[in-house]
Amino acid sequence: MKLNMKCLLGALLAMLAVATAHAQVRVADAWVRATVAQQSVTGAFMHLDSPADARLVSATTPVAGAVELHRMSMDNNVMKMAPVAGIDIPAGKGVELKPGGYHLMLINLKSQIKAGAMVPITLVIEGPDHRQTSVEVKALARPLNAGGGMGAMPRK
Ligand SMILES: [Cu+2]
């Protein structure tokens, strides 16, 4: 029996490439704002880092019906929040999802998120080759007043 080493090596390299793509984006300090009963939306925040240019294009979580990517900004002294199609993660610089800036909006919450809970979130990241990989995140629920500023961010 003769193994086709070239073929085997190719497959191995392909597997490595996938593993590397998965390992590319690092997530730190992921947290969500805890909610009060009946509250239907909340924000999730984290720091994203990548050695190569990447882009956060969507996210899901079992605790909410939907997750939107949002950006908050000042417009004529009024804080505005709007959905964005994606959030760029510049190579080596990273991006901060934080109150008052980019964030994930968890919509149609299925139950109250109490402080101390761990909320699983799946991020879909698009690399420079347009290939999408998913990154699993565990976000800690912090008390309502954590992070200051925008409170519970009511949706309209
Ligand atoms: Cu929002």
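**Entry 1: a loop to begin with.** I started at Asn76, which sits in the loop between S4 and strand S5 (78-83). A reminder to myself before going on: this is a predicted model. I looked up the backbone angle there, and phi of Asn76 is near 50°, a positive value in a residue other than glycine. Is Asn76 buried or exposed? It counts as exposed, because I find 5 C-beta neighbours inside 10 Å, and the cut-off for exposed is 12 or fewer.

**Entry 2: the next residue along.** Asn77 is also placed in the loop between S4 and S5. Its phi is positive too, about 65°, and Asn77 is not a glycine. I checked its surroundings as well: Asn77 has 5 C-beta neighbours inside 10 Å, so it counts as exposed.

Entry 3: S4 and S5 form a hairpin with two residues between them, and Asn76 is in the turn. How many bridges join S4 to S5? I get six, with the two strands running antiparallel. One pair I noted by name is His70 with its bridge partner Pro83 in S5. I then looked at how well S5 is covered, and the answer is hardly: of its six residues, the count of buried ones is zero.

**Entry 4: stepping back to the whole chain.** I listed the elements and found one helix and ten strands. Read from the N terminus, the order is α-β-β-β-β-β-β-β-β-β-β. Buried residues make up 24% of the 156 residues in the protein chain. I also looked at contacts with a separation of 6 or more: residues 24 or more positions apart account for 72% of them.

**Entry 5: the partners of S3.** Which strands does S3 pair with? One is S6: three bridges join S3 (residues 54-60) to S6 (residues 87-89), and they run antiparallel. Here Ala54 has Ile89 as its bridge partner in S6. Another is strand S9 (residues 118-126), which pairs with S3 in the antiparallel sense over five bridges. On that side I wrote down Thr60, whose bridge partner in S9 is Thr122.

**Entry 6: the core.** Next I looked for nonpolar residues gathered inside. The largest nonpolar core has 28 residues. Those with the most contacts inside it are Val32, Ala44, Met46, Leu106, Val119, Ile121 and Ala139. Elements that give two or more residues to this core include strand S1 (26-33), strand S2 (41-49), strand S8 (102-109) and strand S10 (132-142).

**Entry 7: Ala139 and Ala30.** Which residues does Ala139 touch, not counting residues up to four places away in sequence? I find Ala30, Trp31, Val32, Ala44, Met46, Val119 and Ile121. Ala30 has 20 other C-beta atoms within 10 Å, so it is buried. Ala30 and Ala139 are 109 residues apart in sequence, yet their C-alpha atoms are 4.6 Å apart in space. Leaving aside neighbours within four places in sequence, Ala30 is in contact with Met46, Val137, Lys138 and Ala139.

Methods
Residues numbered from 1 in each chain as written. Predicted model: local features only at pLDDT ≥ 70, side-chain atom pairs only at ≥ 80, totals over all residues. Helix = DSSP H or I, 4+ residues; strand = E, 2+ residues; numbered from the N terminus. Contact = placed C-beta atoms within 7 Å. Pairing = 2+ DSSP bridges. Core = buried A, V, L, I, M, F, W, Y, C linked by C-beta atoms within 7 Å.
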